[in-house]
Amino acid sequence: DIPQKIGWVVRLFSFFIRRSGEFSGSWKVVAHARIYTMTHVKPPSRGRRPALVGALLFALAGISESSRVPPQESIASTPSAPLRTDGRRHSPGPPAPHAASGALSTRAGGTVHLHIHSAIFYGMLLSFNSGFVNGACLSGLLSSDGTKQAAAAVTGAWTNGALGAAAGQWGQFAFNAKCIGSYAGGSLISGLLSPRPEPFAAGPGVAHSFGIGAALLFAAAHLSAKGASATAFLYPAVAACGIQNGVTSALSSNLLRTSHFSGITSDVGTFLGQMLRGNNANKMKMKTFVCLALSFWSGGAVSYHMASKFLGSSLLFSAGLYLLISLGLLMNGDKSEQ
C-alpha cells in the first residue's frame, strides 16, 4: 500500500525537521503529528484511498474558508537605505528579508514574515523538492511508455513544441503545449491567490497556493499509479512546480528561484567573475544561489532511487511537504489574528 511504501520517505523528512531548528512551535506540532501518524499508525487499505482523497479536498475547502481575513497593515518595516557589504549605504531597493532579531519569523495580520536565514532554509527545502519532482518525471520510470519530461522548467518544451510544429508532428506539439500551459496555469493560480505579494511575507494566499499544489501532486501520484495514460500524471506535476516557482519568485523578488536554474547558473558564473576581479558586492547572493543549486541537484539524485523503488508513489513525498507548508502557514496566521 502507498502509505507503507513512503514510510522511510517520511522519516527522511523528519530528519530535515529535527535538524533545521528553524520551525516555529506550531510547525513542529503539525510536522511531528503527521510523521507519528504515518510511521506508527496502521496504514489504510487500498479500499480507503478514495476516503483519503475526500479528506484532502475537505481540508482544502476549509483552507479557502479561512482565507477570508481582512487585510491589515503590516508591522514589518524595511530600512530606507540598507547597508552594502562594504559598510556604506546605497539607494533604496526592493525590500529585503527581515533582519534577525532573536526570532526567525514575525506574524502580522495573518502573514508570516520570514527573516533571512529562515527564508534561505525554506528556499533550499523547496529547491530540493522541485529537483525531486523534476528528477522523478525526467527518469521515465513514472510513465508506462518511458516518456521523459522536465517538470520544474519548460524551456525544452518550448523548443520541442516548435520542432514538432515545424516537422508536422502535431502529437509532439500538442504534448509540449500542454506542459507549457500547465506550468503557466500553476503560476496563474499563485498570482490570483497573491495578487499583491510583499517580499518575504507569506500570507494566506501562499498557504492556499501550496494547498492546491499538494492536491495536484496527490493527483499526479494517483494518475501515475493508475497507468491509464502515459503522460496524464505529468500535467498536474508541472502545474505544481509552476505554483512553487510563481510563489517563491514573487515573494523573494527573484532572489530565491527554486524551480528553474538556468538563470541561477548564469548568475553564479557572473558573480564568480566579478569576485575574481575584486568585486564582492554579490558574494552573499552567490552563496545563496550555490546552496539552492546544490539542493536542487540533491533532490534529483534522491528522486532516482525513490522513483526506482516506489514509482509514482514517490510524488507523495512532495505532496506531503506542500501540505505541511500550507497547514503551518495557516496555523501561524491564525495565531497572529488572536
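Nonpolar patches are made of residues with over 30% relative accessible area and no salt bridge, and their side chains are joined within 5 Å. With that in mind, here are some close-up views of this predicted model.

View 1. Leu-188, Leu-192, Leu-193 and Ile-212 together make a nonpolar surface patch of about 350 Å². Helix α7 gives the patch its largest share, with three residues. Look for Ile-212 in helix α8, which covers residues 204-226. With a relative accessibility of 30%, Ile-212 counts as partly exposed.

View 2. Eight aromatic pairs are counted in the model. In one of them, the ring centres of Trp-170 and Phe-173 are 5.9 Å apart and the planes meet at 85 degrees, so this pair is edge-to-face; the angle cut-off for that class is over 60 degrees. Both residues belong to helix α7 (residues 170-193), and because they are three residues apart there, about one helical turn separates them. How exposed is Trp-170? Its relative accessibility is 55%, so Trp-170 counts as exposed. Phe-173, at a relative accessible area of 36%, is partly exposed.

**View 3. A tilted pair between a loop and a helix.** Here the rings of Phe-261 and Phe-296 have centres 4.4 Å apart, and their planes stand at 35 degrees, so the pair is tilted. Phe-261 sits in the loop between α9 (234-251) and α10 (262-276), while Phe-296 is part of helix α11 (residues 283-310), so the pair ties together parts that are 35 residues apart in sequence.

**View 4. A cluster of phenylalanine rings.** In this view, ring pairs join Phe-128, Phe-132 and Phe-317 into a cluster.

**View 5. The whole chain, for orientation.** Stepping back, the protein chain has 12 helices and three strands. Of its 338 residues, 45% are buried. The chain exposes about 16,600 Å², and carbon and sulfur atoms supply 62% of that area. Among contacts in the chain with a separation of 6 or more, 71% are between residues 24 or more positions apart.

Conventions: Residues are numbered from 1 along each chain as its sequence is written. This is a predicted model: local features need pLDDT of at least 70, side-chain atom pairs count only at pLDDT 80 or more; totals for chains, interfaces and linings use all residues. Side-chain values use heavy atoms; hydrogens and water are left out. Rings of Phe, Tyr and Trp (its six-membered ring) pair if their centres lie within 6.5 Å; planes under 30 degrees apart count as stacked, over 60 as edge-to-face and the rest as tilted. Helices (H or I, at least four residues) and strands (E, at least two) are DSSP runs, numbered from the N terminus. Buried means under 20% relative accessible area, exposed over 50%, partly exposed in between (1.4 Å probe, protein chains only). Patches are made of residues with over 30% relative accessible area and no salt bridge: like charges are joined within 9 Å, nonpolar side chains (Val, Leu, Ile, Met, Phe, Trp, Tyr) within 5 Å. Accessible areas come from the Shrake-Rupley method with a 1.4 Å probe; for residues, only the protein chains shown count as cover. A salt bridge is a side-chain nitrogen of Lys or Arg within 4 Å of a carboxyl oxygen of Asp or Glu. Contact means heavy atoms within 4.5 Å.
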